[in-house]
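Reader: I'm new to reading protein models. Could you walk me through this one, feature by feature?

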Amino acid sequence: MFEAFLDGLAGMGNPAVIGAIILGTTLGVLFGVIPGLGSVIAMTLILPFTFGWDPIIAMYVFAGIIGTASTGGGVPAILLNTPGTIANVCTTFDGFPMTRRGEGGRAIGLAATASALGTLFSIVVLAALLPLAEIMLRAFTPPDFFWLIILGLIAVTFASRQNMMKGLAAGGVGILIALIGFSPVFGVRRYTLGSEYLWDGIEIVPLVIGFFALSELIVYTSRGGSIARDASVNLGGFRQIMRGAVEVFQYKAILLRGSVIGTVIGAIPGAGGAVANFLSYSTAKQASKTPELFGTGYAGGVVASESSNDAKDGGILLPTLTFGIPGNGEMVILMGAFVLHGIQPGRDLLVNRLDIVWAIILGVIAAQVLTTIIILGGGAWLARISLVPVKYIAPFVAILSFIGVYAVRSNIWDVALAVFAALVGFSMRRAGFPLITLVIGFVLGQLAEEKFTQSLQISGGGYSIFFTRPVSIVLLLAIFFMLGWSMYKAARKAPAPKAGES
Amino acid sequence: MARIGKIGRFGRLMLLAGALAAIAAFGVSCGDDEPDFPTRDVEWFVGFGAGGGFDTASRIIAEKMSDDLGVNVVVRNIEGGGGRRAVQEIARSDPDGHAISIMNMPNQITAERLDPEDVDFGELSWVGRAVIQTYGLYTAAANDFNTPQDLQGMPDVRFCLSGLAGHSFLVASVTTEVMNIAWNPVTGYRGQETQAGLLRGDCELALGPIAGSTLTAVQGPDFKVLWMYSSERFGPVPDAPTVDELGFPELGGSKFANNGLVAAAPGTPDDILQILADAFDSALQDADVIAGINNAGMGVDRLTPDETAEVVEGMDGIVSEYIDTVRQKSQAQ
């Protein structure tokens, strides 16, 4: 294995490999920065062109895209409150308030460095865990997965603690929205109102773009001025970006936790970067001594989000390379590339084609380093976007968002949905309902239903399956701990009753 | 020049007759002309996401067809409803040949029967068969059962399936009825999640096309194929017996194979359909196309438009025969 690693390292001097990494990185950053597009579309578009290429070169291109899209996606999340990919949603919570304070450059520095460190952490873990992959995959059964989702839902609900009832209501609505569409589990259509568009339920990309990007545009357009409230604020240029890059190390615990969560969640097929992103952010907030700072432009919030969404890259490659089990859309396309190039994932890949394995691992690392340099170097320029008057930016972001929404499925109704979501999101903001709780309810609700049903089908209808497996018990204990800890903290914060009060 | 003006009556008649003959000949030759097709890019709908088997095959074939047709054949993924959105799209397209779609059959017929959407598969203009994938039943290598008889002795065998409306559910329902096996579905397993489910013990059996990454998996040491739904041994997995060999020929042939059939909109004129079919057939004879499809774990077994329509009719008959069994099991869940 070490020999193959050295061969791979030596091969990186090959001009074709360098070109492949640059191509993959460029595509990844470009598709990551444009809201709604992301790595899956970039990989899909390049896939047919790689037919006939040397498989190693093709893998470097794919690795370049995998390693960079969510890093690139952090930039519009910070500067425009528009997550470039779904896994960048939590970056908007603190990154954008920082931009409004005129600290967009600092936030970019924080995000780029946290992303790079998260990726490096997960890739090292991937290399170390490859021999143990089978044990991990067998450990997570459907009931365990169900409890993991419940843990995520509870964590997010507590994340909106300042408005818990509204948070719960929004989360419940999110779960209900997730039930719309054809249920492959039961083979029936639910709440589709006779519309073919709703067969597959509500698409997440238009929903998220509408909620987070377009509704924000409505707010800013009605307010005028620039995104950074004080247009004369100096974003600090390169010095401020480097300040952010160095500052990451002040948040070691958040960085490590985000990297671990990203890696572990990434390794669980189906969970994906968005789940890792939300879980990392809410857990960081939960564990913080100053949770009230989260959502106000807190640097730790950016670190929590960006370290996890990139750390998922290493984790998600684990089941793909070892079992050929793709955990998300990116990995499905990578599997498609394997098939196209006659590569067989699994034991054959790990024994006979270690050159491919290392091409992917080294490609992700090289692309991440390159992206970090691009973003740190170009961040000062990118950060100036927030000083441009909104009247110039708004049409650009709107068009970009609509292109992104349309490009995913070439369905004009997705654009209409994004507009509808923008109006609903705007109204919810004004009424004080947390949008993010709705979205996480939506993301996790469907998975929770599927895993719950699977568990009962496996046990033949017996509920004991949820309480007898070791991983389930550990997760249940974690849930109880989280609930208990939150209640304890709430009780400590509650004012002591005055004398005479019952 | 003056001589030209002095043509006699006979000469004028001859000129008139010649002109009429020329017009007639021109008219006839216009009637024999190839139809004005294609006049723009041809769209190829795929009802599934990019990267899957049908998508890969479509992109390989479309590229070669582009050369023959002289326009781009553009693959467009119209995901939704397990491939049904693409079927709807082609059923509603203009019958001008500029849109075609690959569809997984007989899966789409089963879905239509269980949840009708007024698609008449007999009305579609069939171009041909792109790929064929033979179904097989497999399990984790660690399991100690191998034959239908072993399974008959078990209380409730669990099948990892995608859902209660797909072709795999139909094949599982029919198999267990014919072989007298007590069973239960465990749903929500798509793609290679199925293999993880088998290894974890979520279920004992899985079935589906033995192609792509599933083929790779069953050729490895972690899984074994118990039988193939064919009458002849399946080349890539030669040790697996056929259902015919096990004494269940009613499940054999290619009845339960997964076919990637290509159709144009209902009412597409025959001459346009023929141009599409010729380009399609020519692509399927190209060595690179065949190699690409085989690399993706699928087979090429060409059919003419008429033969394809007959295959669809046969599939319709099989689904009709077993749809009540499927419905009963589905409702029992």
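Author: Let's start with α4(B) and α11(B), which are oblique to each other. The word comes from the angle between them: under 35 degrees counts as roughly parallel, over 145 as roughly antiparallel, 65 to 115 as roughly perpendicular and the rest as oblique. Before we go on, this is a predicted model, where local features need pLDDT of at least 70, side-chain atom pairs count only at pLDDT 80 or more, and totals for chains, interfaces and linings use all residues. Residues are numbered from 1 along each chain as its sequence is written, while chains are lettered from A and ligands numbered from 1 in the order in which they are written.

Reader: What angle do the axes of α4 and α11 of chain B make where they cross?

Author: In general, two packed helices are described by the angle between their axes and the distance between the axes. Here, helix α4 (residues 107-114) of chain B and helix α11 (residues 305-332) of chain B cross at roughly 50°, and their axes come within 10 Å. Axes are lines fitted to C-alpha atoms, for helices over the stretch in contact, and angles run from 0 to 180 degrees between N-to-C directions. Helices (H or I, at least four residues) and strands (E, at least two) are DSSP runs, numbered from the N terminus.

Reader: Is the crossing of α4(B) and α11(B) left-handed or right-handed?

Author: Right-handed, for α4(B) and α11(B). A crossing is left-handed if the near helix is turned anticlockwise from the far one by less than a right angle, and right-handed if clockwise.

Reader: Which residues of α4(B) and α11(B) meet?

Author: From α4(B) come B:Ile109, B:Thr110, B:Arg113 and B:Leu114, and from α11(B) come B:Met315, B:Asp316, B:Val319, B:Ile323 and B:Arg327. Contact asks for C-beta atoms, placed from the backbone, that lie within 7 Å. This set divides into five nonpolar, one polar and three charged residues. Ala, Val, Leu, Ile, Met, Phe, Trp, Tyr, Cys and Pro count as nonpolar, Asp, Glu, Lys and Arg as charged, and the others, Gly among them, as polar.

Reader: Now the sheet. In what order do the five strands of chain B come?

Author: Strands of a sheet pair through backbone hydrogen bonds, either parallel or antiparallel. In chain B the order is β2-β1-β3-β10-β4, an open sheet with mixed pairing. Its edge strands, β2 (73-77) and β4 (125-133) of chain B, each pair on one side only. From one strand to the next the twist averages 25°. Two strands pair if DSSP finds at least two bridges between them. For example, β1 (residues 42-46) and β3 (residues 99-105) of chain B are parallel partners over four bridges, and B:Glu43 has B:Ala99 in β3(B) as its bridge partner. Helix α9 (residues 270-284) of chain B lies across β3, β4 and β10 (258-264), at about 20° to β4(B).

Reader: How many residues of strand β8 of chain B are buried?

Author: A residue is buried if 20 or more other C-beta atoms lie within 10 Å of its own, exposed if 12 or fewer, and partly exposed in between, with C-beta atoms placed from the backbone. Five of the five residues of β8 (residues 205-209) of chain B are buried, so this strand is largely enclosed by the rest of the structure. Strand β5 (residues 135-140) of chain B runs antiparallel to β8(B), joined by four bridges, with B:Tyr135 partnered by B:Pro209. Strand β6 (residues 157-161) of chain B runs parallel to β8(B) and has two bridges with it; there, B:Cys160 stands opposite B:Ala206.

Reader: Is B:Asn180 buried or exposed?

Author: B:Asn180 is exposed, with 9 other C-beta atoms within 10 Å. You'll find B:Asn180 in the loop between α6 (167-179) and β7 (183-187) of chain B, with a positive phi near 60° although the residue is not glycine. For contrast, A:Ile375 has 26 other C-beta atoms within 10 Å and is buried; its place is in helix α18 (residues 354-383) of chain A.

Reader: Which prolines follow a cis peptide bond?

Author: Two examples are B:Pro38, joined to B:Phe37 with omega about -5°, and B:Pro106, joined to B:Met105 with omega near 10°. B:Pro38 sits in the loop between α1 (9-32) and β1 of chain B, and B:Pro106 in the loop between β3 and α4 of chain B.

How values were computed: Two residues are in contact if their C-beta atoms, placed from the backbone, lie within 7 Å.
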